[in-house]
Amino acid sequence: MRILIVFLTLFSTIISQAQQKDTQVSWSKLVKVKPLTESQEKNWQHLDIEKDTIPGLSFNTAYSKLLKDKKGKEVIIALLDTPVEISHKGLVKRVWVNDDEIANNNVDDDNNGYKDDVYGWNFLGNDDGEISDFQHEEYIRVYAKFVSMFSENDFVVEDSLKLKNYLKAKSIYESKLKYANEELEYSKLIRRVRTEGLKELRKYFPDLDYELGDLDSLKKQHPEDEYLQLQIKKMYGAKKYGITESYISIYEKEAKERIEKAVNPYYNERIIQNDNPNDIEDRIYGNGNINFNTDKYTHGTRVSGALGFCFYDDVVYNFTPQIKIMPLVNSINGDRHTKDIAIAIMYAVDNGAKVINMSFGKNFSLNNEWIEESITYAEKNNVLIVTSAGNTSTNLDEKDIMNFPDDRGLLTGKEIVSNFIKVGSSTRYLDKRLKSSFSSYGKENVDLFAPADSIYTIMSGNKYRFEQGTSMASAVTCSVAALLFSYYPSLKASEVKQILMDSGVEYDILVDVPTKENPDQQLPFNQLSKSGKIVNAYNAMLMAEEFVKAKKKK
């Protein structure tokens with residue numbers, strides 16, 4: 001605590017010394033926003049509040065004024081996400097390479113426990129090259145673990161937190177199971193309706209070759225036949241909306257799989273990994289294939305495009321060649337397993353990452369002590385962790401609202417580390433829309449905001465597209481953090497966090513923050529996060545420079 005007080009005192013001095021941009025922007029001072037060019041549309045997050053009247057990162061300014069003639073050290077950003085298309089033309093030169101590992105020789109050349117981890121690691125596979133295609137949602141894991149332990153009237157006080165989580169998970173489970181059964185029954189119903197309709201229509205169209213116009217004609221020809229009229233009406237809808245045999249078969253298959261897997265607490269989701277999901281010491285599983293099914297699981301590739309300020313087809317940024325991305329696959333669908341998250345964090349730390357991006361969240365966290373241990377391990381090894389606030393427009397300060405992973409201890413509710421940042425999403429609009437409508441927020445539990453609405457990024461299949469979400473905000477923040485580590489390698493993770501929070505630009509604009517109770521609610525933007533600010537690369541670099549100088553003098 002004493003160190004933190006000294007640290008904050010030093011920062012207050014630096015803020016007054018560094019010639020930053022204004023750290024607070026008042027609504028009354030705002031000027032009319034200029035229309036953006038096509039190039040600016042694709043790169044608005046790099047623009048500057050003073051020069052461009054856009055609440056971006058001021059990265060273009062940082063590069064031209066501070067970084068252009070400097071060379072930074074290589075910094076690795078670990079990406080805990082879905083598979084990544086590392087062959088994408090906008091990414092291929094930015095992927096981390098484990099130089100101590102020889103590809104595809106089925107040997108652990110660097111003796112880190114992972115064979116052929118040349119470009120990262122996939123925690124969803126096994127040594128035979130197989131990869132899991134299914135993950136449970138976390139409520140199922142919680143329900144499965146505690147269903148035999150609790151009855152609502154049979155528990156001890158020490159288990160009250162577990163019981164609370166169990167009852168919450170049980171409620172979701174029962175709701176999801178009901179929905180799954182209803183979907184299966186509906187699939188049977190539409191099959192039965194279609195079968196009856198086809199049987200009747202075959203009398204008039206033996207080969208069932210008919211169009212909507214034919215059904216209209218048939219309807220007019222037999223106005224008194226009520227049964228036929230009913231079947232025509234049903235089949236007209238089926239024809240119009242594509243309710244084919246193939247459609248019904250797929251619908252039915254998905255409904256059955258939902259019951260057999262998704263809402264089945266006894267389905268073994270770890271059959272491929274063949275590990276013990278309840279043993280954190282059982283760490284060696286998976287394989288080195290991090291580039292698979294990227295046409296289906298696109299999130300990791302899209303987030304990669306926001307890491308490093310480059311990757312664009314028509315405006316190529318090569319400002320930060322020292323930033324490398326380490327893909328660590330721990331998700332395809334459902335919720336990431338707590339064990340996979342924890343071990344991936346430790347892998348990233350042990351293999352040289354300075355920043356870890358975790359653009360995901362979940363409402364439960366079974367065995368959350370593993371996460372607490374892993375982020376503490378990262379803190380001890382001077383690694384920064386950045387995660388997203390979520391896209392549910394939720395106030396994370398409200399009671400019983402959790403967005404895991406988090407740096408709050410489950411028992412105390414207080415922060416347990418100083419190397420963890422949670423980020424919300426901001427837009428380019430200097431008005432009531434400054435907070436992205438989807439972004440969660442919280443004066444106590446969200447640290448800052450970052451540009452993340454309509455971000456031009458890479459897409460699977462060597463393509464590009466605009467993307468939005470707090471996943472982008474987390475990635476953008478990671479990039480700025482990586483710059484600080486690159487040009488000022490003596491900085492600690494806690495110092496980088498504090499610089500990012502203190503050097504951002506603060507806006508007091510009233511923004512839309514609707515709730516069910518108050519759909520017209522507006523709040524000052526600077527009341528939506530702990531710092532009240534949007535991350536700013538230019539200010540961060542200036543503050544880092546002054547901070548490092550001050551440290552050397554002490």
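Biologist: Where does serine 393 lie?

Modeller: First, a word on the model: it is predicted, local features need pLDDT of at least 70, side-chain atom pairs count only at pLDDT 80 or more, and totals for chains, interfaces and linings use all residues. Residues are numbered from 1 along each chain as its sequence is written, and side-chain values use heavy atoms, with hydrogens and water left out. Helices (H or I, at least four residues) and strands (E, at least two) are DSSP runs, numbered from the N terminus. With that in hand, serine 393 sits in the loop between E6 and E7.

Biologist: What is the phi of serine 393, and how does its accessibility class come out: buried, exposed or partly exposed?

Modeller: Serine 393 is not a glycine, yet its phi is positive, at about 55°. Buried means under 20% relative accessible area, exposed over 50%, and partly exposed in between (1.4 Å probe, protein chains only). Serine 393 has 32% relative accessibility, so it counts as partly exposed.

Biologist: What is the phi of asparagine 382?

Modeller: Asparagine 382 is found in the loop between helix H11 (368-380) and E6. At 21% relative accessibility, asparagine 382 counts as partly exposed. Its phi is positive although asparagine 382 is a residue other than glycine, and the value is near 65°.

Biologist: How many Å separate the C-alpha atoms of isoleucine 54 and threonine 427?

Modeller: Isoleucine 54 is in the loop between helix H2 (38-42) and helix H3 (59-67). Its relative accessibility is 1%, so isoleucine 54 counts as buried. Threonine 427 is 373 residues away along the chain, but the two C-alpha atoms are separated by 9.1 Å.

Biologist: How many salt bridges does a search of the whole structure find?

Modeller: A salt bridge here is a side-chain nitrogen of Lys or Arg within 4 Å of a carboxyl oxygen of Asp or Glu. One of them joins lysine 203 and glutamate 200 at 3.1 Å, N to O. Lysine 203 is exposed, with a relative accessible area of 59%, while glutamate 200 counts as buried at 7%. Searching the whole structure gives a count of 28.

Biologist: What is the N to O distance between glutamate 269 and arginine 141?

Modeller: Both glutamate 269 and arginine 141 are buried. Their side chains meet in a salt bridge, with N to O at 2.8 Å.

Biologist: How many residues apart in sequence are the parts that this pair ties together?

Modeller: The salt bridge between glutamate 269 and arginine 141 is the one to look at. Glutamate 269 is in the loop between helix H8 (245-262) and helix H9 (299-304) and arginine 141 is in helix H4 (residues 138-146), so the pair ties together parts whose separation in sequence, in residues, is 128.

Biologist: What is the N to O distance between arginine 433 and aspartate 431?

Modeller: Arginine 433 is partly exposed, with a relative accessible area of 41%. Its side chain meets that of aspartate 431 in a salt bridge, and the N to O distance is 2.7 Å.
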